[in-house]
Structure formats: C-alpha cells, structure tokens
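Work through these exercises with the sequence and the 3D view open. Try each task before you read its solution.

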Amino acid sequence: MNAAAHAPHAHGGKSIRGVMTSVMLALTPLTLWGFYLFGWTAVWLWLLTVGSAMLFELVCLNLAKRGGPASLLDGSAALAGWLLALTLPPWAPWWIAVLGSFIAIAVAKHAYGGLGQNPFNPAMVARAALLVSFPLEMTQWVSPTPLLSGTGLGALEALEHVLFGGAVPDALTSATLLGHVKTEASRGIDLLASVPALGGGLADGVGRHAGSLGETGSWLILAGGAFLLVRRIITWHIPVGVLAGIALPAAIGHAVDPAHLLSAQHHLTAGAALLGAFFIATDLVTSPATAAGKILYGLGIGFLTWTIRSFAGFPEGFAFAVLLMNACVPIIDRFLKPRIYGHGRVQMSPA
Amino acid sequence: MSRYRQIVKDGLWDNNMVSGQLLAMCPAMAVTATATNGLGMGLASTVVLVAANILVSSIRHLVPSAVRIPIFIVLIATLVTLVDMALNAWLHDLYKVLGLFIALIVVNCGILGRSESFASKSTVAESTVDGLAMGLGFTFALIAIGGVRELLGSGSLFAQAHLLLGPAFAFLEMKFFDGGALLMILPPGGFIVLGFLLAAKRVWESRRSARASVTQATSAA
C-alpha cells in the first residue's frame, strides 16, 4: 500500500471512511434524541445541512478535479454537515443550513486544499460566520416540543416552516441558560437572582431545555464520547483538557464572585461544552499531534470558552475558542515535538 | 508609444497594486465596506500617487540615494496632508466617513513603492502616466472589493454615492435587498473577498494563457 511507503512503514489499519463511520455511529443516539426533543423541524434541518454539505463537496471535488464521487463517500463532508447541524438552533430556516454548509465545505475546507489541509475546523468556521452574520436567526431558541407529544409541528408543517420561514410561536421561544444570564446581567440582575428564576431544568443532564439541536443531551454525548475513546478514534487528552480548562477557572471564579460568575457545573452542562469537548475539539485534522500538545490545546479551548462566556459580548464562545486554538496548532506542534528515536531533544533553531 | 501602453497595462491589470503586487492591503481591506468608500479612497490615493510620482521623478537627480526613503516619505506626507485638508473643506460628509483612513495614505506602501521602483528611475512624463494608471487600477480593485462586500453584506451598491460625487450621481445608489451577511462588511469579509477575487483573477488568466498557447501551437503547425 502507498500509505506504508513512508516511515514508519506501518499502517494503523484505519481508513478515513472507518473513522468517519465510527464518529457518525457515536453521534447517532444524541442526534435521534435531538430529533425527538425538537421535533420535525430538527429532522428537516439536519437533512438539509448534511445533504447540502455533500452537494457542495461534490461540486468542489469536481472543480478541483480531485477524487470525484469516491472521495464524497469517505463521509468527511457528511460528518462536517452533521456536526454543523447539531450546533444550529433547531428551528433555523433552510438558508442558514445551506449557507452554513457552503461556508464549511467550500470556504473552510476546499479553499484550503480539501480534506486534511484545512487549518480551521469547518463546522466551527461555519457556525462562527453564521453567528456573526445573522445574530437574530442564530439565537432563536425554542423549548423542546417532543415528537408525538402533540405540542410541536407535524412533519409537513415543519417542512413548510423550514422552507418558507414564519415566526416561531411566542409560547415556544425560550432562552438558554447562558443567554439568559447574559441578558439579565446586562439589565443589572446578577446571577444570584437570575439563575434560580430559571428553575433547575436547564442543567438536568437529559436535555429537556432550549439549546442547539445536539448539545442538550449530556448523558448521550458522554456515551458517544466514551464509544469514541473505546474505539480509539480519539484519545482522552483533548476532552479532559477542554473540560478541565472550563471547570477550573469556573470553580475558582464562582468561589470568588458567585454573583457574576457561573459555577463549574453550569459551565460544563450548558451550551456546547460537552459536545464540543468530545466531538468538535477532537477533529483529527485541526488538533495537535502529540499528547502534551493535545492537553495544552484542550486547556486553551476550555479557558477561552470560559473567558468569552464570562466576560465577552456573546453568551457562548466555544466556536471562537476552537478557531483561536486552531490558529495556535502549528506553533504547538512545533514546540512540543516528540524526541526522535536515537536523537537528543530537537534543538529549536531561531529560524 | 508602446512604452506608455505597457505602463498603462501594468498599472490597470498585469501589475495591479492590489491584485498583482499585493501592496496597500491596509486600505484595500479597511475601507472597502462599501463600493463608495472604495471609490473615494481610490481617487484620493490616485491624486497623491500622481503628485508624488511627478515630484519624485522631477527631483530624482538631486536626491542622494542614501536618504531617498525619508525624502520620499516627507513628500508623500505633505501631499496627503493637503488632500486631507482639501477633503475636509470641500467634501466634508465623505471626510467624516473616510477621514480616519486618509492620513493612512502616508504609510500606503503602494505609493512609496511606486516612488522607489518607478518614479525615481523614470522621466516625469512616464511617471505621471504610471501614477495615473496605478491609481486607477487601485481604485478599480477597491471598487471591486467594496462592491462585492457591500452587495453581500448590506444588499446595496454605491450607497451614499451622492456624498462623494454630488447629487447628480444619486442614480448610482442601488438597493437590492434588506439585511445581508454582516460578516462581509466586518473585517473578515475583506480578507475573504480579496482571497476569492485573487483566485478568480488567477483562474481567468491561466485559462487565457492556456488558450493563447493553444492558438500559438495551432498557428505554428
């Protein structure tokens, strides 16, 4: 095989397609749970995002005369679209999904040279671009309207909503924990008053609260992450780094100033922290190669997420934190090189 | 005559300040949130560029080579100050939009670059043509970047053109839709649009040269 022609002449036996399939398997339970919680709009939105991501992948592969349909079937585009869909508000209109897929696949991936060449996580580039461009549509959160409960839209009504828009019924709109405390803080109401006002429902671990399509079911995310660890698709370094990077400053901050800084438990269960730690930060292309580098990268993402959530204008900052640390990956890899067998530690030349 | 033709072609397209030399990136991305801003910045830079080229070229035999850069910069800074004051006096509304960036023309490497690489080695007539061609090419590039960003970012084209060109040019102002992707008129939009325009220019030129080589080959055969 060609892959073994280069040192160290051994192939791990994993194919791109195999890795992508494992990640998709790990994502399936929490995605189905998201469909159940948020109803048919979530299903259509997911289909649209994944479908358009694969379409843009096919177009870009053709333009670049690279691979063709065989490369499309490696699943990388479908997975990028899938991850993007999980970070979208479940009632977002169709053009958010399609534009997001375009940014993820055409701009963030293929403009840089395609699979394996992109320095930034495609799904997070798309999410950050959408959030900055369309703040209204991207923060339109709804309470869960489980399938079969009769509270949500039917399949056709939901399709109509996704395709032709329309207001989200006021009775359904709801705030996320992070959005709620940010809004209340801007009105001068501190956490001691604003968090109890929401009740305990926002961090119940099961995910029966407003949020992105795939970020609310904490236990299922943990289960999916454990599956990836067992299958050795990811290692423990990045998730542990991210979660520690959020939890440590959060715990210290909350102990010092409980009126203005959320507790570690809230930080870990709210927003994209868990989904991001296991499925987004661990992207193989855009994360460092060495164990020490991965821990540093994870800690950086966690700390930046906490900083943005606590002190910046946006309520959630996971996407921005990932992009900032993606930019640091080349430097992390350069300074945390492993020792080459038979040589001393590599001397860093000033050049 | 063909020498002047070459100078014009270089300035407008082949060696365009933005898309060929990749100089003057700061104004090319900082002020191009609308096509009108791009036009205003481009025209102001053109005035400075032509005047700087004329001055530098006419004193080129008097300037000791060791201190030429400071001398060029002082000349350019003087010209920019004049443009700055003139805009403030006669086009005050536009000045309120562009004012911050006019002063930055001083450090526009494109202008110093022309003084250094062209005007200090060429006759006054050639330098004038070069300044004009380079300036118009720069203006064209800024309008292209600004136009794409404005269209995608706020759904309009040449908004507030009447401030720059007078009420007679209000017909230029077009509105296509409301809203738009805010990202495009924020700084990242400048980088993204510039990147795609450069790529488009490259694709177009490589296709053209491929076609030219085919024609040559067939005619030779």
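**Exercise 1.** Find the residues with the most contacts inside the largest nonpolar core.

Solution. Start with the term: a nonpolar core is a set of buried Ala, Val, Leu, Ile, Met, Phe, Trp, Tyr and Cys residues joined through C-beta atoms within 7 Å. Buried means 20 or more other C-beta atoms within 10 Å of the residue's own; exposed means 12 or fewer, partly exposed is in between, and C-beta atoms are placed from the backbone. The largest core has 101 residues, and A:Leu45, A:Ala85, A:Ala104, A:Val125 and A:Val322 have the most contacts inside it. Helix α2 of chain A (residues 40–63) gives the most, 13 residues. Helices are DSSP runs (H or I, at least four residues), numbered from the N terminus. Apart from this core lies another, of 49 residues, including B:Phe138.

This is a predicted model: local features need pLDDT of at least 70, side-chain atom pairs count only at pLDDT 80 or more, and totals for chains, interfaces and linings use all residues. Residues are numbered from 1 along each chain as its sequence is written, while chains are lettered from A and ligands numbered from 1 in the order in which they are written.

**Exercise 2.** Which residues of α11(A) are buried, and how do they lie around the axis?

Solution. List the buried ones: A:Ser218, A:Leu220, A:Ile221, A:Gly224, A:Gly225 and A:Leu228.

Key: Helices (H or I, at least four residues) and strands (E, at least two) are DSSP runs, numbered from the N terminus.
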